[in-house]
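Hi everyone, thanks for making time.

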Amino acid sequence: MGRYVGAIDQGTTSSRFILFDRDGRILAIDQREHEQITPRAGWVEHDAAEIWRRTREVIGGALDSCDAEADDIEAVGITNQRETTVVWERESGEPIHNAIVWQDTRTAGLIRELAGDHGVDRLREAVGLPLSTYFSGPKLAWILDNVGGARERAEAGELAFGTMDSWVLWNLTGGGDGGTHVTDVTNASRTMLMDLETLDWHEPSLELMGIPRSLLPEIRSSSETYAEATDTAIAGRPVAGILGDQQAALFGQACFARGDAKNTYGTGSFLLVNTGEQIVRTEKLLTTLGYQLGDEPASYVLEGSIAVTGALVQWLRDRLGIISEAAEVEELARSVDDNGGVYFVPAFSGLFAPRWRDDARGVIVGLTAYANRGHIARAALEATAWQTKEVVDAANEVVDAPFAELRVDGGMTANELLMQFQANVLGVPVIRPAVTETTALGAAYAAGLSTGFWADQDELRERWAEDKRWEPRMDESERDEQFGRWQKAVERSLDLAD
C-alpha cells in the first residue's frame, strides 16, 4: 500500500497538488495561479488549456519537492471550483471557448427567458436549485447558442461538456486517446441538470435548456476508482475520488452526521449543513448533494452560497488601494473600535442565498464625515459575518437540530477579528481545525476510503482536531440592533440593476 494520498485542488484562482499522509498531514504542496479573464462587465472566463497545464505543473512540482515517487501514492482525488463550464472537442481535446466561470453573469437574460411565466423555481423540486446565472446548465446553453457550429457539433457527438473535475480527469486519463468522461454526484448536482432523487440527468431540464445528452459525462459516486492516470508524474495511480470544492471541505471537516455544518471563507463563502439521506427543500437555500461513497445511499446538504466575501478584501486592495496586502485588512479594521455606523453590502454581481436577487448591487451606507478607511475595512469584514448569519438563520428554520457550533475553514479564518465577530453574531462557538486545507483533504479522504487507505469514516472523524475556538461575546440586544441595521443596508442594495 502507498504511503500517501494525493489531491488535485483545481480552484477559482489557482491549481494545487497536495500529498497527505495517513494522519492527514501535508507532506508536499505546489500551487500555480491562472489568468482571470474579464472580457466585459459581469463576464469571467478561464483558459481551460492553461488550467490543465498548471495542473500538470503542480503535480510534478509537489513530487519534485519531496522524496515521494508515483509508487508511493495510493490514490488521487480531485476537487474543483464548481459550476465553471467547459466544452471541448472529443477528438483533439481543444476547448471550443474559454471556460465560463461560476461568478459569470452573462446568462441573466437567458435565465429570465427560461423562467418565463413559471418563475425561477420551475425546476427546483427536481434539481434543488433556482434558475440562476450561478449554475452550469445555462452557461452550457449559452456556449451552444453563441459559438459558431457548436450546437450542430454537439448533436453530432463531437463535443464534450464538463465542470473542471471532468476536464481534469479526462485529460489525466488519456484525453482524446481514451480519456474517462465522468463527473460525480456533487458536481452534477450543481448543473441544474441532475435529478436529486434518481442521481441521473433530468430530461425536462435538458429539454428546457436545449442540451443534447450526448455532451454530458456519466454521473458516478464521489468515492470509487474511475480510471488510472496515464499522464503526468502520477501515471499508473488510480483516480478514486471526486468532490466539488465545498462538499470536499465538508468531508475534510468530518461533517458526516446529520446537522453537522461547516462554513468555508474563500472568494465567496459557502455554508453546508448535512441533512443525511433526507432531501430538505427551502426557497432560501440550495438543496444539493453532499457526497456518495461507492454504492452507499447519497448524503444531501443544504447550502448557503455567498458570492462575495474574500473577494471584497481583494477589491479593497486592488480597486480602492486602501491596503496593499490582503492580510493588512485586519490591522486596518482594528484601528477603529467599531464600524462607526458604516455597513457594506458587497452585492457586486447580485446577492446569492438567502435572497437570490440578481438586481442587487454593492452599497456602502451610514457614511458620515467621521467615517474613515478603518471603518470601511471593518464594515467589509463584518459583511462576511452578517451574510453568514443570514444563511445560518435560513438553515436553522428548516433543519431539525439548530447549530450548536460552526466549523470554519478557508483563507479568511486567519483573520481573528472576523472569527470573533462571526461567533458574536451567531451566538455559537466558531471552531477552526488544525488542518485548514480541508478542501484538498476531503478529496484525499474520498480517494483513500475507496482504496482502503483509510478504513472508514470513523477513522477520519478521529483524525479531526481543533486548532482554535472563538466563543460569542456580544449580548443578544446588541446583536439584534446591529443585525437590523445590516438588513436595512441590504434593502438599499436591491433593485439597483436592470
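This is a predicted model: local features need pLDDT of at least 70, side-chain atom pairs count only at pLDDT 80 or more; totals for chains, interfaces and linings use all residues.

Find α12, which covers residues 373–398. It has 26 residues and reaches 39 Å from its first C-alpha to its last, close to the 38 Å you'd expect at 1.5 Å a residue. So is it out in the open or enclosed? Well, 21 of the 26 residues of α12 are buried, so the helix is largely enclosed by the rest of the structure. And have a look at the start of α12: a side-chain oxygen of asparagine 372 comes to within 2.8 Å of the backbone nitrogen of glycine 374.

Next up, the second largest pocket. There's about 360 Å³ of space in there. What lines it? There are 21 lining residues, and the ones nearest the centre are Val120, Leu131, Trp356, Arg357 and Asp358. Helix α2, residues 108–115, gives the largest share of that lining, with three residues. If you sort the lining by type, you get nine nonpolar, four polar and eight charged residues.

Now the salt bridges. The structure holds 43 of them, and I've picked a few to show you.

Start with arginine 16 and glutamate 437, whose side chains meet at 2.6 Å, N to O. Arginine 16 sits in strand β2 and glutamate 437 in the loop between β20 and α14, so this pair ties together parts that are 421 residues apart in sequence. Arginine 16 counts as buried, at 11% relative accessibility, while glutamate 437 counts as partly exposed, at 21%.

Then there's arginine 281 with glutamate 125, a salt bridge at 3.8 Å, N to O. Here too distant parts of the chain are linked: arginine 281 is in the loop between β14 and β15, glutamate 125 is in helix α3, and they're 156 residues apart. How open are these two? Arginine 281 is partly exposed, at 31%, and glutamate 125 counts as exposed, at 56%.

My last pair is glutamate 158 and arginine 153, with their closest N and O atoms 3.0 Å apart. Glutamate 158 is partly exposed at 38%, and arginine 153 is partly exposed at 27%.

Key: Residues are numbered from 1 along each chain as its sequence is written. Side-chain values use heavy atoms; hydrogens and water are left out. Helices (H or I, at least four residues) and strands (E, at least two) are DSSP runs, numbered from the N terminus. The expected span of a helix is 1.5 Å times one less than its number of residues. Buried means under 20% relative accessible area, exposed over 50%, partly exposed in between (1.4 Å probe, protein chains only). A polar contact is a pair of N or O atoms within 3.5 Å; within protein, one must be able to donate a hydrogen and the other to accept it, and residues adjacent in sequence count only if both atoms are side-chain atoms. On a 1 Å grid over the protein atoms alone, a cavity is a set of points where a 1.4 Å probe fits but cannot get out, and a pocket is an open set with protein on both sides within 12 Å along at least five of seven lines; lining residues have an atom within 4 Å of a point. Grid points are joined across faces, edges and corners, and a volume is the space filled by probe spheres set on the points. Ala, Val, Leu, Ile, Met, Phe, Trp, Tyr, Cys and Pro count as nonpolar, Asp, Glu, Lys and Arg as charged, and the others, Gly among them, as polar. A salt bridge is a side-chain nitrogen of Lys or Arg within 4 Å of a carboxyl oxygen of Asp or Glu.
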